[in-house]
Amino acid sequence: MQPYDHSPLAHGFDPEFPVADLKMAAWNPRMIDPQAKKVLAADLEKFGMLEFVVADWETKTVLHGHQRLGVLIEQGVKTAGVLFVNADDVLQKEISITLNNPHIEGEYDMPKLGIVQGLLVGTDDYEKMEL
């Protein structure tokens with residue numbers, strides 16, 4: 001376990017935590033449709049795991065990263081980077097809702113997005129991109 005000093009709730013970061021030891025939160029309100037899951041799987045294969053799974057240290061309950069973790073398990077991955085926090089039951093749910101809230105992630109500036117997409121036209125994976 002490595003220290004992680006970027007959050008007062010952080011217990012530590014384990015870059016190679018066994019995914020079989022994590023528990024998906026039964027109360028997780030997020031869903032993913034089959035097509036989006038295929039895109040996620042392709043992105044994980046192409047880019048790897050660029051965002052940590054977040055889980056409670058004591059319970060090993062996943063608070064953020066359920067969809068990515070599910071795909072990794074289906075792909076046969078045995079370990080993943082997990083940021084562990086110390087949180088009670090209520091705080092676990094608050095963390096989960098906050099980290100999964102699309103309204104606080106911002107939105108695309110469509111003219112800039114068009115420019116970036118224009119730079120990608122003709123690349124191998126352009127047609128697979130979903131925004």
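Visitor: Before we start, what does contact mean here?
Guide: Contact means heavy atoms within 4.5 Å. The model is a predicted one.

Visitor: OK. Which residues does Phe-84 touch, leaving out residues up to four places away in sequence?
Guide: Met-1, Leu-9, Ala-10, His-11, Gly-12, Asp-14, Phe-17, Leu-22, Ala-55, Asp-56, Trp-57 and Lys-60.

Visitor: Is Phe-84 buried or exposed?
Guide: Phe-84 counts as buried, because its relative accessibility is 0%.

Visitor: How many aromatic pairs are there in the whole structure?
Guide: A search finds three. One of them joins Phe-17 and Phe-84: the ring centres are 4.9 Å apart and the planes at 75 degrees, so this is an edge-to-face pair.

Visitor: Where do Phe-17 and Phe-84 lie?
Guide: Phe-17 is in strand β1, residues 10–18, and Phe-84 is in strand β4, residues 79–85, so the pair ties together parts 67 residues apart in sequence. Phe-17 is buried, as is Phe-84.

Visitor: And how are the rings of Trp-57 and Phe-84 arranged?
Guide: Their centres are 5.0 Å apart and their planes at 80 degrees, so that pair is edge-to-face. Trp-57 sits in the loop between β2 (53–56) and β3 (62–64), with Phe-84 in strand β4, so the pair ties together parts 27 residues apart in sequence.

Visitor: Why does Trp-57 count as partly exposed?
Guide: Because its relative accessibility is 28%, and partly exposed covers the range between under 20% for buried and over 50% for exposed.

Visitor: Which rings does the charged end of Lys-60 sit over?
Guide: The charged end of Lys-60 sits over the ring of Trp-57, 3.8 Å from its centre. It also sits over the ring of Phe-84, 5.7 Å from that centre.

Visitor: Now the nonpolar core. How many residues has the largest one?
Guide: The largest has 15 residues, and those with the most contacts inside it are Leu-22, Val-53, Leu-69, Val-82 and Phe-84. At least two residues of this core come from each of α1 (34–47), β2, α2 and β4. A second, separate core has eight residues, among them Ala-10, Phe-13, Leu-83 and Ala-87.

Note on methods: Residues numbered from 1 in each chain as written. Predicted model: local features only at pLDDT ≥ 70, side-chain atom pairs only at ≥ 80, totals over all residues. Heavy atoms only, no water. Phe/Tyr/Trp six-rings, centres within 6.5 Å; stacked < 30°, edge-to-face > 60°. Helix = DSSP H or I, 4+ residues; strand = E, 2+ residues; numbered from the N terminus. Buried < 20%, exposed > 50% of the residue type's maximum accessible area, 1.4 Å probe, protein only. Lys NZ or Arg CZ within 6 Å of the ring centre and 35° of its normal. Core = buried A, V, L, I, M, F, W, Y, C linked by side-chain atoms within 4.5 Å.
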